[in-house]
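This report concerns the fold of one protein chain. Please keep the sequence and the model in view while reading.

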Amino acid sequence: MFHKTKLEQSIDKRLINACLDYLILLQLSKEPTHGYGLIKIFRTRFNIYLGPSTVYPILDALEKQNLIRRRYVIINERAKKVCEITEKGREKLERMRSALKSMSLREEMSVLVSPLIRIEG
């Protein structure tokens, strides 16, 4: 079994935290769900362990920015606040996706170009 070093775990955690808005919007673009449902999805599908104290403030912030909306629905005889991505949220998600692609392309280009720069320099 592969074990990550503490440094690798720390880097993973910082990257995930930096991308949580994107990951949550991405998941909600696929299907509306409630906060605990998001926690379970991230845990089971992606092996990312997030707690309510991480997820719910992000959902609050996304709702304040009108990127998601929440409504109460009854699930298994219990009221749950289901989150749905809004049109503004879909637009933001697309801008974030484009930015990530652009960063990826720049990284790939720098890998290709840096040896050339060293040769010319």
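## Basis of the model

The model is predicted: local features need pLDDT of at least 70, side-chain atom pairs count only at pLDDT 80 or more, and totals for chains, interfaces and linings use all residues. Residues are numbered from 1 along each chain as its sequence is written, and side-chain values use heavy atoms, with hydrogens and water left out.

## Overall architecture

The protein chain contains 5 helices and 3 strands, arranged along the sequence in the pattern α-α-β-α-α-β-β-α. Helices (H or I, at least four residues) and strands (E, at least two) are DSSP runs, numbered from the N terminus.

Of the 121 residues in the protein chain, 25% are buried, where buried means under 20% relative accessible area with a 1.4 Å probe, counting protein chains only. The chain exposes about 8900 Å², of which carbon and sulfur atoms supply 57%; these areas come from the Shrake-Rupley method with a 1.4 Å probe. Among contacts (heavy atoms within 4.5 Å) with a separation of 6 or more, 41% are accounted for by residues 24 or more positions apart.

## The sheet

The 3 strands form an open, antiparallel sheet in the order E1-E3-E2. Its edge strands, E1 (33-34) and E2 (68-75), each pair on one side only; two strands pair if DSSP finds at least two bridges between them.

E2 and E3 (residues 78-85) run antiparallel and are joined by 8 bridges. Within this pairing, Arg71 has Val82 of E3 as its bridge partner.

## Helix packing

Helix H2 (residues 20-30) lies across E1, E2 and E3, at about 105 degrees to E3. Helix H4 (residues 52-64) lies across E2 and E3, at about 120 degrees to E2. Axes are lines fitted to C-alpha atoms, for helices over the stretch in contact, and angles run from 0 to 180 degrees between N-to-C directions.

The axes of H2 and H3 (residues 35-46) come within 11 Å and cross at roughly 95 degrees. H2 and H3 are therefore roughly perpendicular to each other, a term that covers angles of 65 to 115 degrees. Leu23, Ile24, Gln27 and Leu28 of H2 meet Leu38, Ile41, Phe42, Arg45 and Phe46 of H3 in this contact.

## His34

His34 belongs to strand E1 and counts as buried, because its relative accessibility is 15%. Leaving aside residues up to four places away in sequence, His34 touches Ile75, Lys80, Lys81, Val82 and Cys83.

Notes
Parallel < 35°, antiparallel > 145°, perpendicular 65-115°, else oblique. Buried < 20%, exposed > 50% of the residue type's maximum accessible area, 1.4 Å probe, protein only.
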